[in-house]
Amino acid sequence: MAGHTQIYLGTLVTVMSAINSGRLRLIAVGGAKRNPNLPKVPTIAESVPGYESYIWWGIFAPNGTPAAAIARMHAETSAVVTSPVFMKKLDEQGGVPVTMSTAEFGKLMVAETDKWLQVIKAAGIKGE
């Protein structure tokens, strides 16, 4: 935004105000579908078939946390995420809320780990 970077890959929530002000030009989004807030902006997959990447947030608890505590944390978090105030603010920032069960989130974690592990191996990326 200060003119020092040629390209940025990140989340709409962190840059939507710069996009709206014209300081940053969005050329594509990483999801499988166009963002409903930016319907004229293409997905990367429209140019690179198969590309799909999302920025997501989750809440984790230490292993061994009682199931009742996990259930309460999930219920309270879901109530916030689906509240009209939160949904409006997230929408203004270009975010698309997705709620899921703890089991669905576990499956997402496995799928994301497998997906990015394949990318790391294919690219020959090594830890330093």
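Me: What makes the meeting of the Arg72 and Glu76 side chains a salt bridge?

Reply: In this predicted model, the side chains of Arg72 and Glu76 come to 3.6 Å, N to O. A salt bridge asks for a side-chain nitrogen of Lys or Arg within 4 Å of a carboxyl oxygen of Asp or Glu, and therefore the pair of Arg72 and Glu76, at 3.6 Å, is called one. Both residues lie in helix 2, four residues apart, which is about one turn of the helix.

Me: Why is Arg72 called exposed, and what is Glu76 called?

Reply: The relative accessibility of Arg72 is 59%, and because exposed means over 50%, Arg72 counts as exposed. Glu76 has a relative accessible area of 44%, which lies between the limits of 20% and 50%, so Glu76 is partly exposed.

Me: How many salt bridges does a search of the whole structure find, and how do you know that Arg34 forms one with Glu46?

Reply: The search finds three salt bridges. For Arg34 and Glu46, the closest N and O atoms are 2.7 Å apart, and since the limit is 4 Å, the pair qualifies as a salt bridge. Arg34 and Glu46 both lie in the loop between helix 1 and helix 2, so the pair ties together parts that are 12 residues apart in sequence.

Me: What makes Glu92 and Lys88 a salt bridge, and where do they lie?

Reply: Their closest N and O atoms are 2.6 Å apart, which is within 4 Å, so the pair meets the definition. Both Glu92 and Lys88 lie in helix 3, residues 84-92, and they are four residues apart, about one turn of the helix. Lys88, with a relative accessible area of 54%, is exposed, because the limit is over 50%, whereas Glu92, with 39%, is partly exposed.

Me: Why is the aromatic pair of Trp56 and Phe105 called edge-to-face?

Reply: A search of the whole structure finds two aromatic pairs. In the pair of Trp56 and Phe105, the ring centres are 5.7 Å apart and the planes stand at 85 degrees. Centres within 6.5 Å make a pair, and planes over 60 degrees apart count as edge-to-face, so the pair of Trp56 and Phe105 is edge-to-face. The pair links distant parts of the chain, with Trp56 in the loop between helix 1 (12-21) and helix 2 (67-81) and Phe105 in helix 4, 49 residues apart.

Me: How do you know whether Phe105 is buried or exposed?

Reply: Phe105 has a relative accessibility of 16%, and because buried means under 20%, Phe105 counts as buried.

Me: What makes the pair of Phe60 and Phe105 tilted?

Reply: Phe60 and Phe105 are 5.4 Å apart, centre to centre, with 55 degrees between the planes. Stacked needs under 30 degrees and edge-to-face over 60, so an angle of 55 degrees leaves the pair tilted. Phe60 lies in the loop between helix 1 and helix 2 and Phe105 in helix 4, so the pair ties together parts that are 45 residues apart in sequence. Phe60 itself, with a relative accessible area of 54%, is exposed, and ring pairs link Trp56, Phe60 and Phe105 into a cluster.

Me: Why does Thr43 count as buried, and what is Thr43 in contact with?

Reply: Thr43, which is found in the loop between helix 1 and helix 2, has a relative accessibility of 4%, and as the limit for buried is under 20%, Thr43 counts as buried. Leaving aside neighbours within four places in sequence, Thr43 is in contact with Ala28, Val29, Gly31, Ala32, Lys33 and Arg34.

Me: Which residues make the nonpolar surface patch, and why is Ile120 called partly exposed?

Reply: The patch, of about 330 Å², is made by Trp116, Val119, Ile120 and Ile125. Ile120 lies in helix 4, residues 102-123, and has a relative accessibility of 37%. That value lies between 20% and 50%, so Ile120 is called partly exposed.

Terms used:
Residues are numbered from 1 along each chain as its sequence is written. This is a predicted model: local features need pLDDT of at least 70, side-chain atom pairs count only at pLDDT 80 or more; totals for chains, interfaces and linings use all residues. Side-chain values use heavy atoms; hydrogens and water are left out. Patches are made of residues with over 30% relative accessible area and no salt bridge: like charges are joined within 9 Å, nonpolar side chains (Val, Leu, Ile, Met, Phe, Trp, Tyr) within 5 Å. Accessible areas come from the Shrake-Rupley method with a 1.4 Å probe; for residues, only the protein chains shown count as cover. Helices (H or I, at least four residues) and strands (E, at least two) are DSSP runs, numbered from the N terminus. Buried means under 20% relative accessible area, exposed over 50%, partly exposed in between (1.4 Å probe, protein chains only). Rings of Phe, Tyr and Trp (its six-membered ring) pair if their centres lie within 6.5 Å; planes under 30 degrees apart count as stacked, over 60 as edge-to-face and the rest as tilted. Contact means heavy atoms within 4.5 Å.
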